[in-house]
Amino acid sequence: MDAIGFETHDHKGCIRDGLVAVETACADRGLQFTPVRRRVLELLLEGHRAMGAYEILDVLREEGIGSQPPVAYRALDFLVSHGFAHKIERMNAFIACTHPNETHTPAFLICRKCDAVAETHADPASGLLGRVLQDTGFRIEQAVIEAVGLCPACAEAEAA
């Protein structure tokens, strides 16, 4: 078992399950899940961490898949636009979605010390933001929620 985000899980199983979920979603939606798109998703799933486009491109280049930035950016754009990955704005990096077949608003917990990222669900229409929506009549179409702090491992190490 390996740690993902801040939880322990079966790492090989989650990679397999993530790929199967995206393959199925692509088949159901008539989307092309090309070898490059698949490999980029594999890299995000294998690392269980946010990766920058150039870091992904370096791996693709080493594997002989592509050496130009558009190769990585096109694959990442596809994965993000279809909800299979998310962009972590604070880090200018990408992470595989942990719930690729669910409609949800992700929120990211980012460790300021080790850069671990955990995805959780958010409901932007509730709480303070929900009250502002009611008062203004604004309708949210997309929200990016990123909280920075310490993951349990770093908090424990800092307390010691």
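Mentor: Strand 3 (residues 85-88) and strand 4 run antiparallel and are joined by four bridges. Two strands are said to pair if DSSP finds at least two bridges between them, and the elements themselves are DSSP runs numbered from the N terminus, helices being H or I of at least four residues and strands E of at least two. The model is predicted, so that local features require pLDDT of at least 70 and side-chain atom pairs count only at pLDDT 80 or more, whereas totals for chains, interfaces and linings use all residues. Residues are numbered from 1 along each chain as its sequence is written, and side-chain values use heavy atoms, with hydrogens and water left out.

Four residues lie between the two strands, and N92 adopts a positive phi near 50 degrees. In a regular strand, side chains alternate between the two faces of the sheet. In strand 4 (residues 93-96), A93 and I95 point one way while F94 and A96 point the other, yet all are buried; buried denotes under 20% relative accessible area, exposed over 50%, and partly exposed the range in between, with a 1.4 Å probe and protein chains only.

H86 belongs to strand 3. H86 counts as buried because its relative accessibility is 11%. Its side chain makes a polar contact of 3.4 Å with that of E119. A polar contact is a pair of N or O atoms within 3.5 Å; within protein, one must be able to donate a hydrogen and the other to accept it, and residues adjacent in sequence count only if both atoms are side-chain atoms. Leaving aside neighbours within four places in sequence, H86 is in contact (heavy atoms within 4.5 Å) with V80, A93, F94, I95, C97, H104, P106, F108 and E119.

Three strands form an open sheet of mixed pairing in the order 6-5-7.

Strand 5 (residues 105-111) pairs with strand 7 in the parallel sense over five bridges, and A107 has I145 of strand 7 as its bridge partner. Strand 5 pairs with strand 6 in the antiparallel sense over six bridges, where the bridge partner of T105 is A122. The hairpin of strand 5 and strand 6 has five residues between the strands, and D115 takes a positive phi near 65 degrees.

The aromatic residues complete this account. The structure holds two aromatic pairs. Y54 and Y73 form an edge-to-face pair, 6.2 Å centre to centre with 80 degrees between the planes. Rings of Phe, Tyr and Trp (its six-membered ring) pair if their centres lie within 6.5 Å, with planes under 30 degrees apart counted as stacked, over 60 as edge-to-face and the rest as tilted. Because Y54 lies in helix 3 (residues 53-62) and Y73 in helix 4 (residues 69-81), the pair ties together parts 19 residues apart in sequence. F78 and F84 form a tilted pair, 6.1 Å centre to centre with 50 degrees between the planes. Both F78 and F84 are buried.
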